[in-house]
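Dear colleague,

Please find below the structure that I am handing over to you. My notes on it follow directly after.

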Amino acid sequence: MRVTNLGLTTFVSDNLHSAYRRVAAAQEQVTTGRRINRLSDDPVGAVRVFGLRNFTASLDQYDKNINKIFPFIKQADSVLGQAEESLFRAKELALASANDSQSAADRANTAKEIHELRQQLLNIANTKVDNRYIFAGFANDAAPFTDGGASVAYNGDSGVLKIPTSSASTVELNVPGDVIFQGVGLTGGVDIFDVLSDLETALVNNDVNGVNGIQTQLTRIDNGIDQLLGVRAQFGSRINNAEGAQKALAVLQEQAESERTQIEDVDVLQAYTDFVRYQKMFEAALSSAAQVVQPSLLDFLR
Amino acid sequence: MGIASTLNLASQALKAQQAAIQTTGHNVANAATPGYSRQRVALRTTTPAFENGIYLGRGVNADNVRSVVDHFAEAQLLDIQSHLGSLSAENKAIGAIEEIFPAAGGIDTALSGFFNTLTELTTNPGGAAERTAVIGKANSLGEALRLTRGQLATVQLNLDQDLQSAVHKVNSLTEEIAALNQDIAFGESVGQPANDARDRRQVRLQELANLTGVTIQEQGDGQVTVLTQNVLLVSGNRAANLEARSLSSGFHQIEVLSPDGMRFDGTGLFNKGEISGLIKSRDVSLNNAINQLDLLAKAVADQVNTQHAAGFDQTGAAGGVFFQPLATVTGAAGALQVATTVAADPKLIAAAATAAGAPGDNRNALALANLNNASVAALGSQTFQNYFLTNLGGVAETARVLDGEVQFQTTLLAQVQARREASSGVSIDEEMTNLILFQRAFEASSRMISTASELYQTLIEMTR
């Protein structure tokens, strides 16, 4: 094969180009730290990375949601704790009043305190967090309980807010107030407000052992305490669920991140070794090119 | 036969060597000219004289000057150029599409951002901040789609402009080839090859092949007939004239005025070379990319609006439209935006599933957020996100394949060009060696003349 000057020059410059391209590509990988710098570098990997990025963003969102659940449930739980305290106090008073040593006047005095406790419970049931009535179901823009004297009316609804904690699962945020305080839909549920006003009536009537007497109300107070405890246990298990969900999210996050790293990131050592190797190859190509293009017969014709 | 004959022989030889030296000079001068084929003087012994019973050589004649051409390599080059032309054009277009869908932040991020704010809304359906965030992200999604679609449309327009300038280039090339055809036919009518004109024509044919792909038929008089897919581009000294005629779509079609006087729309007839690559990219790749965006935008608007209408807003009224309704798929990606009523009053976002539950109900917000994971029939039963990513993957894969093909054809081109250079290229060392040979022969021949002159002298002195 004849080797001609133009042919050789083209050949040499083509080779220098491709050697330099390799150096540039290796350099890009070293500086960006990424194996995929254009979609076409690895179409399947690139699309997977996109998917993972969006997946991670949605995990972040779920995590944020869960973080919003905690304060709400904790607040509701502590408020119900106060309600429980009030009921315990009512129980104490009722127990004391059931004692034969108590006079009708004593019982009438106690009746006033029971009335106060009932008022306190009503305020608790109308608790607001973040300008929302937390025991009103969906109708959280108005006070859910109004005192009708003998009994308390519930103006809220039975809505339960479900907060997504993953693409497939939700955690329930609230329990409607009529369930908590009036035992609606619960077997053996009692209306706590009714119990307290009945107790008040029994005290005023100085009725200890009658059908609606203090003794009867004592049993109903116990039922009411159990009812509150049940709801608080429910809140506790929701917190557990949410914590579990958060842990699961963290694991998913970690997996997604490690998969992304595996697809997208370069092995730094390998990338740097490649870069040095291509650079050496390029230098060798340059120096050999300088030697091969230079000499001609003209140099030796004198 | 006498001394005169010797003198004649020497002067013929001088002329022949002079021609060879001149040609060597021509070769060296064109050592770097692209497409130049080295030339050789065909030296031939003249017919010997029969004298006194012997054949007596009568020296040398320069018959003609021929270039050394590897016809096979030249034909291959035309073929490779036509492939390379279309592949490069397609690769350029798909590369642009690939760059428009930016690797960091884009439509997919905007989509997940929008649905994430809806998820956030479920935690506080009555919250003004949450509602405003939903509208903000919905507008970012519309903006991302609009921006991307606009950039794709710009690429499409650029391709159309490239097509117009390619058409102009074809016209000037075919005219040049027709003119060279005429020169060659005229030059070769005296029986001598028109080497330089042929080299120039070959270079132009390669450029033309890159633009349209060519089929070549050489005629007896040295002229070539050039066709591309049965469209006659050059016939003898007449060239076709292409015209980029604008269509109602704003793009251009190629109207051919053939050398034989026919006029027709040739847009579909170009299926090789840069022109075909440009047309294919403009009418297929870019159209697909834009159409897919439109489909996505329309599907998002329809799905979200349907679910939104099923709910109730914060005032307890039935949900209206969330996005401005899109009537057609075409142009949808450029028109996706939050309905002005909702944008003006975030309370109109229908987060509740029932009118009664209005202030605190999050069930419709949850249903809206879940649309992100729902498969959509209009998108081939894929989720919004997957539909977008699948199409993106398709573009990336095409870009990768085209990149490989362009590299392959480029390598092939370099190899065949090297082969062409190996036979037709100028080697300066070789020319120098030849130069020494021709120079020595020239010197020796001039020596012949002085020897002949001395012979005359001897004869003249003899008769004195």
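The notes below cover the interface, the pockets, the cavities and the salt bridges.

This is a predicted model, in which local features need pLDDT of at least 70, side-chain atom pairs count only at pLDDT 80 or more, and totals for chains, interfaces and linings use all residues. Residues are numbered from 1 along each chain as its sequence is written, chains are lettered from A and ligands numbered from 1 in the order in which they are written, and side-chain values use heavy atoms, with hydrogens and water left out.

**The interface of chain B and chain A**

In this model, 40 residues of chain A are in contact with 53 residues of chain B (contact means heavy atoms within 4.5 Å). The two chains bury about 3,800 Å² between them, and 57% of that lies on carbon and sulfur atoms; buried area is the accessible area (1.4 Å probe) that two parts lose on being put together, summed over both.

Five salt bridges are counted between chain B and chain A, a salt bridge being a side-chain nitrogen of Lys or Arg within 4 Å of a carboxyl oxygen of Asp or Glu. Arg53(A) and Asp108(B) meet through their side chains in a salt bridge, at 3.1 Å from N to O.

On the side of chain B that touches chain A, the elements giving two or more residues are helix 3 (107-123), helix 9 (363-370), helix 10 and helix 11 (428-462) of chain B. Helices (H or I, at least four residues) and strands (E, at least two) are DSSP runs, numbered from the N terminus. Helix 10 of chain B gives the most to this side, with 14 residues. By class, this side has 21 nonpolar, 20 polar and twelve charged residues. Here Ala, Val, Leu, Ile, Met, Phe, Trp, Tyr, Cys and Pro count as nonpolar, Asp, Glu, Lys and Arg as charged, and the others, Gly among them, as polar.

**Pockets**

On a 1 Å grid over the protein atoms alone, a cavity is a set of points where a 1.4 Å probe fits but cannot get out, and a pocket is an open set with protein on both sides within 12 Å along at least five of seven lines; lining residues have an atom within 4 Å of a point. Grid points are joined across faces, edges and corners, and a volume is the space filled by probe spheres set on the points.

The largest pocket holds about 930 Å³ of space. It is lined by 26 residues, of which Ala25(A), Arg38(A), Asp41(A), Asp403(B) and Gln407(B) are the closest to its centre. Helix 1 of chain A gives the most to this lining, with eight residues. The lining has seven nonpolar, eight polar and eleven charged residues.

The second largest pocket holds about 760 Å³. Among its 26 lining residues, Thr10(A), Asp14(A), Leu413(B), Ala414(B) and Gln417(B) are the closest to its centre. Helix 10 of chain B gives the most to this lining, with ten residues. By class, the lining has eight nonpolar, 13 polar and five charged residues.

**Cavities**

Four cavities of 30 Å³ or more are counted. The largest cavity has a volume of about 90 Å³, and its lining includes Phe72(A), Arg132(A) and Gly360(B). Six nonpolar, four polar and one charged residues make up that lining.

The second largest cavity has a volume of about 80 Å³. Its lining includes Phe101(B), Leu293(B) and Tyr387(B), and the largest share, five residues, comes from helix 10 of chain B. This lining divides into eight nonpolar, two polar and no charged residues.

**Salt bridges over all chains**

The whole structure has 46 salt bridges over all chains. In one of them Arg400(B) pairs with Glu397(B), their closest N and O atoms being 2.9 Å apart. Arg400(B) and Glu397(B) are separated by about one helical turn, because they are three residues apart in helix 10 of chain B.

With kind regards
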